[in-house]
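I opened this notebook to record what I looked up in the structure.

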Amino acid sequence: MQTVTEGKGTTKMPKSIPVSEADIYSDETLLNPWPIYRAIRDAGPIVYLDKLQMFVVARFNEAREALGTASVFSSAHGVMMNQPMNESTKGMLLCSDGAEHQQMRRVLMKPLVPSALRDLKDTISIEAEALVDRLVTRGNFDAATDLAQYLPVAIVSHAVGLPEEGREKMLEWAIAGFNCAGPMNQRTINSFGTLKGSIDYALGECVRGKLKPGSWGEMLLDAADRGELPIEKAKTMMLDYMGPSLDTTILATSSAIWLFAQNPDQWDLVCQDPSLIPNAINEAIRIESPIQGFSRYALAEHTFNDAVVPASSRVIVLNGSANRDERKWDSPETFHVRRKNASEHVGFGYGEHVCAGMNLARLEITALLTSLAKRVRRFELGKTERLLNNTLRGFKNVEVTVH
Ligand code: HEM
């Protein structure tokens with residue numbers, strides 16, 4: 001890692017910002033990002049990634065500061081690492097600021113607040129019990145597919161009210177969307193076509209008459225009818241339910257099982273005291289953050305400790321690295337379901353754009369772990385395969401035998 005003393009690249013460089021040659025989107029780094037994240041954290045509170053010509057924030061305090069200072073670190077200029085995506089996602093909830101963002105978020109959040117999720121809670125518990133019963137009877141299953149995919153696909157797509165036709169493509173679409181958030185590498189380029197399918201679906205199929213009556217999707221259209229949103233926004237917000245609600249939860253669930261399989265003492269603790277489950281979920285999301293990071297655009301110069309990020313620069317915020325920052329966490333690599341400050345992680349983000357669906361995600365994962373804790377003493381790990389994605393971390397397969 002070198003230190004820059006003069007202007008370099010297209011962005012005017014301030015003094016003493018460390019420069020890294022790392023490609024944080026290479027296959028190798030995506031599969032095992034921890035050594036490079038650590039080197040970036042150790043280099044300084046803010047580092048310049050020469051390959052991407054972007055700054056990166058990898059420490060916990062600075063990540064929270066960036067995410068919590070939306071007046072400087074804008075989402076409305078896009079949160080992705082490539083310009084075509086930042087152009088085409090303009091105006092989406094995730095990619096908006098200030099009053100516009102707040103208004104959209106108010107509408108979108110209505111069915112996602114804990115009081116509104118109360119009805120869904122019973123359905124989720126019943127479905128989770130039945131699913132776990134079937135899988136445990138079988139004796140072995142894939143935690144990434146058989147266990148983790150069922151609730152998000154069945155429950156969420158039903159609640160959003162999506163038409164049957166096309167629903168089976170939702171997982172493929174969501175994976176492609178998260179790939180397209182990366183820099184213009186081959187993974188991003190290969191995913192553009194698939195992503196277009198989901199946009200066509202949201203805009204073409206999610207219309208009155210096709211959406212289930214009383215569904216979340218229809219609530220968006222009702223809000224447009226009441227003048228709370230322009231109709232075009234209501235339609236694109238369908239993507240805010242479809243895109244981030246599936247893989248995130250699926251990956252968090254299978255990572256949790258993978259962690260429990262490798263740390264049987266932690267599973268024993270949860271089985272003895274299921275009230276630890278919410279903290280165990282936080283700990284799994286901290287240590288294997290399903291969303292590793294998005295970016296922000298600095299509207300003004302900002303100083304992190306002594307390091308100055310110039311105005312008009314793109315800054316990647318690595319939530320996955322912040323959640324393993326040894327400045328914040330004792331033994332950050334250890335999965336510890338009783339960790340006192342586990343809930344402080346930024347795996348669900350932080351600040352104005354903090355995850356809108358975290359209550360639902362917690363509900364789904366809690367229901368599965370609660371059912372498993374009643375029936376399973378040990379997870380024996382079989383074949384596992386990691387997902388290669390520009391934004392997401394987790395598994396394609398986690399085969400387990402249960403005892
Ligand atoms: C374990 C599961 C999940 C994880 C780890 C996760 C993670 C995140 C993160 C890190 C952000 C912040 C993005 C940013 O700072 O730019 C976010 C935002 C968001 N999430 Fe989640 N998410 C999960 C589940 C869900 C679910 C189930 C839904 C929908 C029902 C959802 C909907 C959203 C939406 C709409 C936003 C944008 C919020 C805004 O911009 O105001 N997420 N999520």
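I took helices (H or I, at least four residues) and strands (E, at least two) as DSSP runs, numbered from the N terminus. The model is predicted, so I noted that local features need pLDDT of at least 70 and that side-chain atom pairs count only at pLDDT 80 or more, whereas totals for chains, interfaces and linings use all residues. Residues are numbered from 1 along each chain as its sequence is written, and side-chain values use heavy atoms, with hydrogens and water left out.

**Entry 1: the iron atom**

I located Cys 355 in the loop between helix H16 (319-322) and helix H17. I then asked which donor the protein gives to the iron atom of the ligand. The single donor is Cys 355, through SG, 2.3 Å away. Donors here are N, O and S atoms within 2.8 Å of the metal (3.2 Å for Na, K and Ca); water is not among the atoms, so sites may look incomplete.

**Entry 2: the shell around the ligand**

A polar side-chain atom of His 353 is 2.6 Å from an oxygen atom of the ligand, and one of Arg 296 is 2.8 Å from an oxygen atom of the ligand. A polar backbone atom of Pro 244 lies 3.5 Å from a nitrogen atom of the ligand.

**Entry 3: helix H9**

Is helix H9 (residues 170-180) mostly buried or exposed? I found nine of its 11 residues buried, so the helix is largely enclosed by the rest of the structure. Buried means under 20% relative accessible area, exposed over 50%, partly exposed in between (1.4 Å probe, protein chains only). Among the buried residues of H9 are Trp 173, Phe 178 and Asn 179. The buried residues of H9 pack against several elements, including helix H10 (186-205), H13 and S7; contact means heavy atoms within 4.5 Å.

**Entry 4: Asn 389**

I placed Asn 389 in the loop between strand S11 (379-386) and strand S12 (395-402). Asn 389 counts as buried, at 2% relative accessibility. Its side chain reaches the backbone oxygen of Ile 175 at 3.1 Å, and a polar atom of that side chain lies 2.9 Å from the backbone nitrogen of Thr 391. Leaving aside neighbours within four places in sequence, Asn 389 also contacts residues including Phe 178 and Asn 179.

**Entry 5: Val 56**

I found Val 56 in strand S4 (residues 54-57), buried at a relative accessible area of 0%. Not counting residues up to four places away in sequence, Val 56 touches Ile 40, Pro 45, Ile 46, Val 47, Leu 49, Ile 316 and Leu 318.

Terms used
Polar contact = N/O pair within 3.5 Å; in protein donor to acceptor, adjacent residues only side chain to side chain.
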